[in-house]
Amino acid sequence: MLSVEAKERFLQRIKFKGQIRRKKLGHCWDWTGRLSESGYGCFDAGGKGHRAHRISYKLFVGDTHGLQVLHECDNPRCVRPKHLWLGTPADNAHDRDAKGRQVSLAGDLHPSRTNPEILCRGNDHWTRKHPSKTCRGTQHGRAKLNDTSVYLARALNNLGCTYQKLGKAFAVDRSAIASACMRDTWKHVDEPPKNLNIKMWYKKHKNQLTPATRELVESLIKVYVYS
Ligand SMILES: [Zn+2]
């Protein structure tokens, strides 16, 4: 959908630890590029203007099936895939209403009631019906991360190491590390405890990293653990 150049440009405009609108959702990914009058992120690619949150949905989640991409966090500049969901224009109105911003347009005439088949959620969602088709962690053909690198990346991120540096060390792009650290992905990997002895932990697990990764990771450990 996006060229490699456009994808890189897109990812560079994301501030991964953005504002927190709702505690349980965690940080928003705030768009740092141009905003529309109504506050949505704008992104130009292929000679056209796009809404940044729609691009993000397509990039990280998949097809929008012609539906609107709505914000769970109510922050129009947010492009975090976990905060986005697909809905009809009426869902949008209903959502606004539920959040107390506009008059009601809901009830039994709501399209999600009259045409419930257009929305797949919960147990009807295809990822539940076909769990084998969703790839998680190292089952994913392109994954360059593994449980060990994700655990270590989270521990180093807790100490202040940036996604940029972690991405470089683990040879993945910044967004892949950010998603892993924020548990949008790699949810099955435990969270490192605050008082983790990284030095000891690393000694035990470093064999699960490639030599090239080890070298870069060790330089990060020197900076963030010993300083
Ligand atoms: Zn958000």
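Q: Where does Ser38 lie?

A: Helices (H or I, at least four residues) and strands (E, at least two) are DSSP runs, numbered from the N terminus. Ser38 lies in the loop between β2 (30–31) and β3 (42–45). Residues are numbered from 1 along each chain as its sequence is written. This is a predicted model, in which local features need pLDDT of at least 70 and side-chain atom pairs count only at pLDDT 80 or more, while totals for chains, interfaces and linings use all residues.

Q: Is Ser38 buried or exposed?

A: A residue is buried if 20 or more other C-beta atoms lie within 10 Å of its own, exposed if 12 or fewer, and partly exposed in between, with C-beta atoms placed from the backbone. Ser38 counts as exposed because it has 6 C-beta neighbours inside 10 Å. Its C-alpha atom is separated by 7.9 Å from that of Pro76, 38 residues apart along the chain.

Q: Which residues does Arg21 touch?

A: Two residues are in contact if their C-beta atoms, placed from the backbone, lie within 7 Å. Not counting residues up to four places away in sequence, Arg21 touches Cys28, Cys73, Asp74 and Asn75. Arg21 has its place in the loop between β1 (14–15) and β2. The C-alpha atoms of Arg21 and Cys73 are separated by 6.1 Å, although these residues are 52 residues apart along the chain. With 16 C-beta neighbours inside 10 Å, Arg21 counts as partly exposed.

Q: How many bridges join β3 to strand β4?

A: Two strands pair if DSSP finds at least two bridges between them. Here 4 bridges join β3 to β4 (residues 48–51), and the two run antiparallel. Ala45 stands opposite Lys48 in β4. The two strands form a hairpin with 2 residues between them, and Gly46 in the turn has a positive phi of about 60°.

Q: Which residues other than glycine have a positive phi?

A: Ala171 is one of them, with phi near 60°. Ala171 is found in the loop between α7 and α8, and its 14 C-beta neighbours inside 10 Å make it partly exposed. Trp186 also has a positive phi, of about 55°. Trp186 is found in the loop between α8 and α9 and counts as buried, with 23 C-beta neighbours inside 10 Å.

Q: What span does helix α6 reach from its first C-alpha to its last?

A: The expected span of a helix is 1.5 Å times one less than its number of residues. Helix α6 (residues 147–158) has 12 residues and reaches 17 Å, close to the 16 Å expected. For α10, the 16 residues should span 22 Å, and its end C-alpha atoms are 21 Å apart, which agrees.

Q: How many residues of α6 are buried?

A: In α6, 9 of the 12 residues are buried, so the helix is largely enclosed by the rest of the structure. Among them are Tyr151, Ala153, Arg154 and Asn157. What covers the buried residues of α6 includes α7 (163–170), α8 (174–181), α9 (198–205) and α10 (211–226). In α10, the residues Thr213, Val217, Leu220 and Ile221 are buried. The buried residues of α10 pack against α6, α7 and α9.

Q: Which residues have the most contacts inside the largest nonpolar core?

A: A nonpolar core is a set of buried Ala, Val, Leu, Ile, Met, Phe, Trp, Tyr and Cys residues joined through C-beta atoms within 7 Å. The largest has 35 residues, and those with the most contacts inside it are Ala153, Leu156, Leu166, Phe170, Ile177 and Ala180. The elements giving two or more residues to this core are α2 (52–60), α6, α7, α8 and α10. Of these, α6 gives the most, with 6 residues. Ala153 touches Leu166, Phe170, Ile177, Ala180 and Cys181, not counting residues up to four places away in sequence. A second, separate core of 5 residues includes Tyr57, Val69, Leu84 and Leu86.

Q: Which element of the protein chain has the lowest mean pLDDT?

A: pLDDT is the predictor's confidence in each residue, from 0 to 100. Helix α4 (residues 111–114) has the lowest mean pLDDT (46), and β2 has the highest (97). The protein chain averages a pLDDT of 83, and 80% of the residues score at least 70. Over residues 109–135 pLDDT stays under 50, and the model has 15 contacts beyond four places in sequence for them.
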